[in-house]
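Please open the model and keep the sequence beside it as you read. The notes below walk through strands, helices and ring pairs, one topic at a time.

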Amino acid sequence: MSRDDRFLAPDDLAARYGDVLRRSATSDLPADEWEDARSRAAESAWGVGGFVTQGSRVLLIRQGRRWSGSKPWIAPGGMLEVGETHAEGAAREVREETGLGVEIDGLAAIQERTFVHEEESREFEFRFAMFDATPTTAELATDPGFDDEDILAVEWFEALPEKTYERDLLTALKKR
């Protein structure tokens, strides 16, 4: 029997791991980004990623697509796929986007976000599971990500850059 955790309730995921940081927020989405984001969320209500640390350093990526303007640094991650657990998906996404193999050490945080169409009264919910991860390989990819991901850079940071997506969440995770 194949496992499909793509539509698991956040409370059920949290119960598998115990004490995890929980955050919720609401964000407006520009009309030109709405359909792409909504269709991706329809395939899986979950995104997964890795809070990859090595000593005091945190691994972040900079992605070109979907980020108009500032192109912030983000934790590596993407959509949970059919048949994988959240932890498996997080490890896969880190490997695909950075070239690093990682060991998943536990669930660090669950972010629940409601996206609201900026011009219409439509909304959808999306969840992101962030896992603590430790590298098991040392070499970052020289050409990170798949061709359609447009990953511009992968770097280790002692201090989080000012332009970091979900900087408050990553700061809280770094301080633990």
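## A hairpin to start with

Strands S2 and S3 form a hairpin with two residues between them, and Gly-55 in the turn has a positive phi of about 65°. Here, helices (H or I, at least four residues) and strands (E, at least two) are DSSP runs, numbered from the N terminus. Two strands pair if DSSP finds at least two bridges between them.

This is a predicted model: local features need pLDDT of at least 70, side-chain atom pairs count only at pLDDT 80 or more, and totals for chains, interfaces and linings use all residues. Residues are numbered from 1 along each chain as its sequence is written, and side-chain values use heavy atoms, with hydrogens and water left out.

**Strand S2 and its partners**

- S2 covers residues 46–54, and seven of its nine residues are buried, so the strand is largely enclosed by the rest of the structure. Buried means under 20% relative accessible area, exposed means over 50%, and partly exposed is in between (1.4 Å probe, protein chains only).
- With strand S3 (residues 57–63), S2 runs antiparallel and is joined by two bridges. Look for Gln-54, which stands opposite Arg-57 in S3.
- With strand S5 (residues 77–79), S2 pairs in the antiparallel sense over three bridges. Here Gly-47 stands opposite Met-79.
- With strand S7 (residues 123–135), S2 pairs in the parallel sense over seven bridges. Val-52 has Ala-133 of S7 as its bridge partner.

**Strand S6 and its partners**

- S6 spans residues 102–117. This strand is mostly covered, with 12 of its 16 residues buried.
- S6 and S7 pair in the antiparallel sense over 13 bridges. They form a hairpin with five residues between them, and Ile-110 has Ala-129 in S7 as its bridge partner.
- Strand S1 (residues 21–29) pairs with S6 in the parallel sense over nine bridges.

- Is Ala-108 buried or exposed? Ala-108 is buried, with a relative accessible area of 4%.
- Which residues does Ala-108 touch, leaving aside its neighbours within four places in sequence? Its contacts (heavy atoms within 4.5 Å) are Val-20, Leu-21, Met-130, Phe-131, Asp-132, Leu-173 and Arg-176.
- Leu-173 is 65 residues from Ala-108 along the chain, and their C-alpha atoms are separated by 7.3 Å.
- His-117 also lies in S6. At 5% relative accessibility, His-117 counts as buried.
- The side chain of His-117 reaches the backbone nitrogen of Glu-119 at 3.1 Å. A polar atom of the His-117 side chain also lies 3.2 Å from the backbone nitrogen of Glu-120.
- Leaving aside neighbours within four places in sequence, His-117 is in contact with Leu-29, Ala-31, Trp-34 and Arg-122.

**Aromatic pairs**

- How many aromatic pairs does the structure hold? There are four. Rings of Phe, Tyr and Trp (its six-membered ring) pair if their centres lie within 6.5 Å; planes under 30 degrees apart count as stacked, over 60 as edge-to-face and the rest as tilted.
- The rings of Tyr-17 and Phe-131 have their centres 5.6 Å apart and their planes at 75°, so this pair is edge-to-face. Tyr-17 lies in helix H1 (residues 10–17) and Phe-131 in strand S7, so the pair ties together parts that are 114 residues apart in sequence.
- Tyr-17 counts as partly exposed at 35% relative accessibility, whereas Phe-131 counts as buried at 0%.
- Trp-34, Phe-115 and Phe-124 are linked into a cluster by ring pairs.

**Helix H3**

- H3 (residues 86–98) has 13 residues and reaches 18 Å from its first C-alpha to its last, close to the 18 Å expected at 1.5 Å a residue. The expected span of a helix is 1.5 Å times one less than its number of residues.
- In H3, 10 of the 13 residues are buried, so the helix is largely enclosed by the rest of the structure. Among them are His-86, Arg-92, Glu-93 and Glu-97.
- Just after H3, Gly-99 takes a positive phi of about 90°.

Terms used. A polar contact is a pair of N or O atoms within 3.5 Å; within protein, one must be able to donate a hydrogen and the other to accept it, and residues adjacent in sequence count only if both atoms are side-chain atoms.
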